[in-house]
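Hello,

Here is the structure to be handed over. Please look through it first; notes on what was found in it follow below.

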Amino acid sequence: MFARLVKESFVRNPRRKILTAAALALGIAVATATLSVALEVGDRMAHEFRSLGANLLVTPQADTLPLQIGGVDYRPVNEGAYLNVSDLGKLKMIFWRHNILGFAPFLDVPATIEGRNQIHTTLIGTWFEHNVPVPDGSAFQTGVRSTHPWWKVQGRWFDDDAKECVIGATLAANYPGGIAPGQSIEIAGRAEAGGAPAHPITLAVTGIVATGGAEDNAVLAPLALAQQLAGHSGQFRELFVSALTKPADAFARRDPKTMNETEYDRWYCSPYVSSITLQITQALPGTEVRTIRRVADTEGRVLSRISTLLWIVTLAALAAAILAVAATSAATVLERRVEIGIMKAIGASNSLVSGIFLAEQLMLALIGGAIGYVCGVVLARALGESVFGSPAPVNVLLLPIVLGIAAIVAVIGSLVPLRRAARLDPAPILKGE
Amino acid sequence: MMFGRLLWSLLRGNRGRLAIALVAVISGATVISALLNVEFDIGGKLAQEFRALGPNLLIAPRGGIQTEDAGASAAALMDETTLAAVLAKVPPAAMVGSAPYLYIVARVGDAPVMVAGTELQEARELNPSWKLEGAELKGGCIVGRNVAQRMNLKPGAQFEIKYLNRASRLQVDAVLDSGSAEDDQVLAPLATVQRLAGLPGRVQFEQLRAKGDAPEISAFAGRLSSALPGYDVRPIPQATQAEANLLKRTRLLVGSMVILILVLTALCVLATMAALAMERREDVGLMKALGGSIERIVALFVAEVGVLGASGGAIGCAIGVALAQWIGERVFGASIATRWEVFPATIALMTIVAMTGALPLRLLGRVKPALILRGE
């Protein structure tokens, strides 16, 4: 009997129902779209920020201070400590290995370009794209392509296995007689005072690189060549790491030594800069890991502000949608006072009347909510596509949440006028007062 | 006159129902005006955050090539007064700040250390990400953390640096953690380093941060370049291109969210108003039965919701401005500039939306009043 009453009430006057459901659907679409974006945005923006390049710098603990001015390293080759390339695969075995998006080892060798007049410069050995064997048997392709994506090269990058090099923009501009991709240079490691002069090697120039840093005055070449010139086979001095991190919050800023066991586990298992730093130090003993504050700070500041902003905007939009939906529900009940009066006059109890109306509102909320969820998901995907180039994954968990919100809001919106209607005497309502 | 009186009694007679509609309009207007205010101001606010990336332009002498083993050689240096004269003419709106640098490899005790001569206060303002541990800068030097560790220097300590046959005593004002090359250097006042090197008035390069987006920065670099013949003005791509791309991405994200919410909220208010208007069919039927023309009746109801939209829009705008201010304080720690053009835009939008919502009442013109009054 109750079901028949509800069905009758639901099917009658479809135009009015459609409008109510439309208001509900639009409100829920706002909620779904904004929630989907807000839930996703931290991860996606963090990925975007990796275009700033490396955010961590790994150096040997016992290293001497680098002495480099204008691209020329004044530190003798044999001074200072080195790290082993063969250990680098271990970086992809740490707990947050998937957050290590790339790394590039660097070895600077004081060098001289041979020719009519000798040019003193630094040969920077690194990888452009190199396959690093990982202890679990796989290989990881990495190099400056992922740690320094903003280095612009005119021509092309060197091949990691060839005798090729890329020349810094300033050095190229000032090169006697000029130099362009396609030519080649003869370069030798600078002889130590009293040592035998080194044999020069010939490198084909493949490109000119502009970085705005010390590299503009240097020659960039595959790491293996730099190792050969320096006589440090399989070694490097600095490692730039690009890691996906979570912006530091109050918890991340605490000293891990003061944490109890559960807090420490939570800290260790969160991709904070500090916990990834610790894990790299554990994987590569004898190193010191420093945060490149310029990059990490910018990322942290912008990311935390963007996600706070989007959450506030989402909550505001949600609140507005809720109020609109509640208003629609309230209006629907308010306008049907005559019907309520008739029902009560022919003997319906207050709870039956409320029951019928609430059931009807719930059905509307669920239908409108489901339509709104679909629209919201489509909109969120379109937004992800246009901003980040790939659509946001559908978050199915949001469906019960937004349906719940729709149901609660519709019920609360109708409860107030229903309670007022329950107190009313049917006679004056039927008289139209 | 009659229309006004009818409208007034319509508004007074339906206070409960109108209050509900008003809530919907106000909440929509609040969100829309707050978002518009935030959107207009967010570009500047975000650009401010990207300042932490540090300098984005570099002025260096042309022909800075090394053919001999030496520290700073006079040939590849720039004149400090020429630079200062050109930079002094740059309007503050175009530039955040600049700092000159002169490097030498000096000795502290027996160990060689890189000493960078610079204007410490300027350099610090240019690099907001630098973390300084120690007292305020008061004429001493800043020591990179690796240097401080190796030489066992703490803020307040004093040490002597030697270069060739000259020496200078410096006090440590602060220890610097930057995560980049400066950690391995001593940053000392420029005049001290120039005196030690015997190169008064000379600098190796100047770092600066220009304001604005990528094209503005390259235009600025072009102007500087023509004002400084013989010097190279180079952008630092990390702080120009990468930053510009990220800024664009972030703005696009916030912008599309704002548009999405704006459109959906407006539609949601529209549907709410339409649902409310449909509830008035009995009133329409009654008026029609009493002999009113459908045009006149619809005009009356449209005027009613128009008043509702305008007043709800105005109230919502005021709340929205306060919300935008709160968002600014909460998110950026700075207030959001109120854009007054948001007021008429939001009020107009809400009025139009409310009035459009009432238009379906026209459909009732075809319906016989008796049917409506019978409740069908």
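How much area do chain A and chain B bury between them? The figure is about 7500 Å², with 68% of it on carbon and sulfur atoms; buried area here is the accessible area (1.4 Å probe) that two parts lose on being put together, summed over both.

This is a predicted model, in which local features need pLDDT of at least 70 and side-chain atom pairs count only at pLDDT 80 or more, while totals for chains, interfaces and linings use all residues. Residues are numbered from 1 along each chain as its sequence is written, chains are lettered from A and ligands numbered from 1 in the order in which they are written, and side-chain values use heavy atoms, with hydrogens and water left out.

The interface

Counting contact as heavy atoms within 4.5 Å, 83 residues of chain A touch 85 residues of chain B. Seven salt bridges cross the interface of chain A and chain B (a side-chain nitrogen of Lys or Arg within 4 Å of a carboxyl oxygen of Asp or Glu). A:Arg301 and B:Glu49 form a salt bridge through their side chains, at 3.0 Å from N to O. Among the elements that give two or more residues to the side of chain A that touches chain B are α2 (14-49), α8 (293-334) and α10 (350-388) of chain A. Of these elements, α8(A) gives the most, 26 residues. Helices (H or I, at least four residues) and strands (E, at least two) are DSSP runs, numbered from the N terminus.

Strands in chain A

Strands pair if DSSP finds at least two bridges between them. β11 (residues 184-189) of chain A runs antiparallel to β5 (residues 100-113) of chain A, with three bridges, and A:Thr112 stands opposite A:Ala188. Four bridges join β11(A) to β12 (residues 201-210) of chain A, also antiparallel; there A:Glu186 stands opposite A:Thr202.

Regards
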